[in-house]
Amino acid sequence: MSIVYLNGAFIAPEDAKISVMDRAFLFADGIYEVIPIYQGKLFRLTEHLRRLAYSLEHIRLASPHTDAQWEALFNALIQQNGGGNLSLYLQITRGCAPTRDHAFPKVPVEPTIFMMVNPMPTPYSTDLNREQGIKAICLSDIRWLRCDIKSVSLLPNALLRQQALDQGVDEAILIRDDLVTEGAASNIFIVANNALYTPPRSPFILGGITRDLVIELAQAHQLTCVEKSLTQAELMAADEVWMTSSTKEIAPITQVDGKPIGNGKVGAVWRKVAGWYNAYKQTLLNP
Ligand code: PDD
């Protein structure tokens, strides 16, 4: 049985209850993080904590814990759940005010802190010989203008992902003003002429931790990687398209809007970079 964390207590999920007055329930007034865990070890913790601090700062909520306290809490939850390959979900909300009021509570209230772990799905890069990647469609990016904050306000993302699933594909690639922003729950890379391209950081995308690691690995291996705006036409003409996220790692997309990307098969550059990613993960497990 899994154990979750709520406001200081490690408890069974069915015992974890929050008030209907919680501001995340009423206003989606909260932020979250998803951290991958390999064989019980937190992956890219410093980077996830930095983004957590960024999200909190930008919704004007003080962090309830120091980085060392967060790390201890994460490790306690991992232990309670027996370790292994997991994704850790952390949500922090502005807490409960006595009345429903858009403005922040006048009298300070405690934030709500919730954490759970889920089994990590087997990532695509476990099979570097695979031929087929995943399928995606392009959809209009209907989200707000602060997608750099990892807000729990995910209704547009949920609608977009569901629209993709309803059309028999796995991910929605979002387009704003003819430019690719990101996936419904991922960042996007393309390969053209053996170079990597990904949209630059901006308020329109989440600064993905996996995205940053791919850029770092490309630099370390002298693979050209350019952060620049990408048009939908550039996406469709790419040799390869990938999506990246903490839970999917680097996943090759071989079909967009029913059309093959490149030759419609998983590309050689993906194989190379996913291999580097796997090797990097090993350094965490065998330092
Ligand atoms: N989502 N962009 C969006 C909109 C996302 O939701 C995510 C990840 C990413 C990739 O970020 P990272 O590499 O740091 O995971 C980009 C998580 C996994 C989720 O919501 O479950």
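This is a predicted model: local features need pLDDT of at least 70, side-chain atom pairs count only at pLDDT 80 or more; totals for chains, interfaces and linings use all residues.

Guide: Let's begin with a term: a salt bridge here is a side-chain nitrogen of Lys or Arg within 4 Å of a carboxyl oxygen of Asp or Glu. Residues are numbered from 1 along each chain as its sequence is written, and side-chain values use heavy atoms, with hydrogens and water left out.

Now to the boundary itself. The protein splits into domain 1 (4-120) and domain 2 (125-285), with bounds that come from an automatic or database domain assignment. Their C-alpha centres sit 26 Å apart. In the contact (heavy atoms within 4.5 Å), domain 1 puts in 24 residues and domain 2 puts in 22. About 2,100 Å² is buried between them, 63% of it from carbon and sulfur atoms; buried area is the accessible area (1.4 Å probe) that two parts lose on being put together, summed over both. On the domain 1 side, Y32, R44 and R51 lose the most area to domain 2, together 31% of what that side buries.

R44 also has a partner: E216 forms a salt bridge with it, the closest N and O atoms being 2.8 Å apart. The count between the two domains is one salt bridge. Eleven residue pairs between the domains are in polar contact, both residues at pLDDT 80 or more; that takes a pair of N or O atoms within 3.5 Å, and within protein one must be able to donate a hydrogen and the other to accept it, with residues adjacent in sequence counting only if both atoms are side-chain atoms.

Which elements build the domain 1 face? β3 (30-38), β4 (41-42), α2 (45-58) and β5 (86-93) each supply at least two residues, and β3 gives the largest share, seven residues. Helices (H or I, at least four residues) and strands (E, at least two) are DSSP runs, numbered from the N terminus.

Y32 and R51 turn up again at the ligand. It is surrounded by 20 residues, and the closest are Y32, R51, E182, T210 and S246; a residue counts as near if one of its heavy atoms lies within 4 Å. A polar side-chain atom of R51 lies 2.7 Å from a ligand oxygen atom, and one of S246 lies 2.8 Å from an oxygen atom of the ligand. For E182, a polar side-chain atom is 2.6 Å from a ligand nitrogen atom.
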